[in-house]
Amino acid sequence: MDKPKVVLGVSGGIAAYKACELLRRLTESGHDVRVVPTASALHFVGAATWSALSGKPVSTEVWDDVHEVPHVRIGQQADLVVVAPATADTLAKAAHGLADDLLTNTLLTARCPVVFAPAMHTEMWEHPATQENVATLRRRGAIVIEPAVGRLTGVDTGKGRLPEPAEIFEACRRVLARGVTETDLKGRHIVVSAGGTREPLDPVRFLGNRSSGKQGYALARTAAARGARVTLIAANTGMPDPAGVDVVQVGTAVQLREAVLKAAADADAVVMAAAVADFRPATYAAGKIKKKDGQDPEPIVLVRNPDILAEISTDRARPGQVIVGFAAETDDVLANGRRKLERKGCDLLVVNEVGERKTFGSEENEAVVLGADGSETPVPYGPKEALAETVWDLVARRLGAHV
Ligand SMILES: Cc1cc2nc3c(=O)[nH]c(=O)nc-3n(C[C@H](O)[C@H](O)[C@H](O)COP(=O)(O)O)c2cc1C
């Protein structure tokens, strides 16, 4: 099979160097990538880098290799065009149909999905001109990834940072696999919890679990791609924020409960993918607990943590709100899952078998989604994104039934 053809447009922002990592990820995962930088982009990263990393010629103008008509051919042949970083200037040109270099010509001739990953200072991003250009591009079907919040060019921070290359790559991979037409969660607010809580014993030690947060991040990323406004409540994940998602960082089960209840107040659906500790140490030692010569350690007394899934399922913040839980079981998986679904009162329960090398930290998952209506949806072994898409299919169907 031919490799999917991707055009990587790079415009003249300080984040142009991050496009090198995106290029690497695309080529290493079997894509045929042609880099089309703007002339400004070459002030930041030179043509030699793009050419060597892509194995293809690089030009910014329509006047090179004219016999091959590159200003038309590159766009026509592409399966995906991604512009990262997309400057305010390039967004404006694209929105207005200007075509004064190879990248803007390519954007006009492409009939494939187009993804823009804007990066600029907060003032430029928030300017009504940029916002209107972004709205125009989205109305025409382009995907414009929301910039991240964080450190900008200088010492300043704010919204406008390029999302991490890994996140842009995931967005591209998804668009190539599923197209851009899925917007069944548009207008919905979705809350996802991810990761594993840590219950402190003293300033240096905690009781934790092996959850990496990857399944929750896949859920957040795919919900955003399907048009939802997503709040991700992340417990100790240490991963870059998924593009276009509001992230709230928490540490303990009590903090996670507080953040979930707050975000759930106006949510259409809440998916509790985080592994929340059932118990926490009854006491917290303000100083590090020391070994005492000749003495056995003090036993750790545990108390119960709040059961967040049961609480939000019983006491729904909004009528028709869909609640999804996760059950990690080590044995008698389906029977335990069914009992848990009834006990908690949620609408859907994703049941998977866990073990030291299963599920936790891996890129793949296998599960059965149990419905309160008695349904069972098996999800075969595959990427965590695939399980996430199945969850959203089921959630969207339930939300559609309650409009
Ligand atoms: C150091 C430096 C950093 C810049 N960073 C950005 C940026 O992150 N985003 C942006 O929209 N423009 C940025 N600019 C301005 C653009 O380079 C300028 O608007 C240029 O005309 C963009 O051209 P292009 O869209 O054809 O690449 C930067 C300029 C300089 C000198």
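## Helix H14

In helix H14, the buried residues are Lys384, Leu387, Ala388, Glu389, Thr390, Val391, Trp392, Leu394, Val395, Ala396 and Leu399. The model is a predicted one, and the values in this report are computed from it. H14 covers residues 384-400.

## Overall dimensions

The chain contains 14 helices and 19 strands. Its radius of gyration is 24 Å, close to the 22 Å that the globule rule gives for 403 residues, so the chain is as compact as a globular protein of that length. Taken along the principal axes, the box filled by the C-alpha atoms is roughly 80 × 55 × 45 Å.

Of the 403 residues in the chain, 48% are buried. The accessible surface of the chain is about 19,500 Å², and carbon and sulfur atoms hold 52% of that area. Among contacts with a separation of 6 or more, 67% are between residues 24 or more positions apart.

## The five-stranded sheet

Five strands form an open sheet in the order S2-S1-S3-S4-S5, and the pairing is parallel. Strand S2 (32-37) and strand S5 (143-144) are the edge strands, each pairing on one side only. Helix H1, residues 18-28, packs on this sheet and touches S1, S2 and strand S3 (80-86). The direction of H1 makes about 175° with that of S1.

Strand S1 spans residues 5-10 and pairs with S2 in the parallel sense over 6 bridges. Along this pairing, Lys5 stands opposite Asp32 in S2, and Val6 has Val33 of S2 as its bridge partner. How much of S1 is buried? The count is 5 of its 6 residues, so the strand is largely enclosed by the rest of the structure. In general, side chains in a regular strand alternate between the two faces of the sheet.

## Backbone exceptions

Most residues other than glycine have a negative phi, and most peptide bonds are trans. The peptide bond that joins Ala84 and Pro85 is cis, with omega about -5°. Pro85 belongs to strand S3, which is one of the strands of the open sheet and is touched by H1.

The other two places concern phi. Asp65 is not a glycine, yet its phi is positive, near 50°. Asp65 sits in the loop between helix H3 (47-54) and helix H4 (70-77), and its relative accessible area of 39% makes it partly exposed. Asp332 also has a positive phi, about 45°, although it is not a glycine. The loop that holds Asp332 runs between strand S16 (322-329) and helix H13 (333-344). Is Asp332 buried or exposed? Its relative accessibility is 52%, so it counts as exposed; the cut-off for that class is over 50%.

Thr197 is located in the loop between strand S8 (189-195) and strand S9 (199-200).

## Asp246 in strand S12

Asp246 is part of strand S12, which covers residues 246-250. With a relative accessibility of 47%, Asp246 counts as partly exposed. Not counting residues up to four places away in sequence, Asp246 touches Val230, Thr231 and Leu232. Between Asp246 and Leu162 the C-alpha to C-alpha distance is 15 Å, and the two residues are 84 apart in sequence.

Note on methods. Residues numbered from 1 in each chain as written. Predicted model: local features only at pLDDT ≥ 70, side-chain atom pairs only at ≥ 80, totals over all residues. Heavy atoms only, no water. Pairing = 2+ DSSP bridges. Helix = DSSP H or I, 4+ residues; strand = E, 2+ residues; numbered from the N terminus. Contact = heavy atoms within 4.5 Å. Axes fitted to C-alpha atoms, helices over the stretch in contact; angles between N-to-C directions. Rg over C-alpha atoms; globule rule 2.2 N^0.38 Å. Buried < 20%, exposed > 50% of the residue type's maximum accessible area, 1.4 Å probe, protein only. Areas by Shrake-Rupley, 256 points an atom, 1.4 Å probe, with all protein chains shown as cover. Expected span 1.5 Å × (residues − 1).
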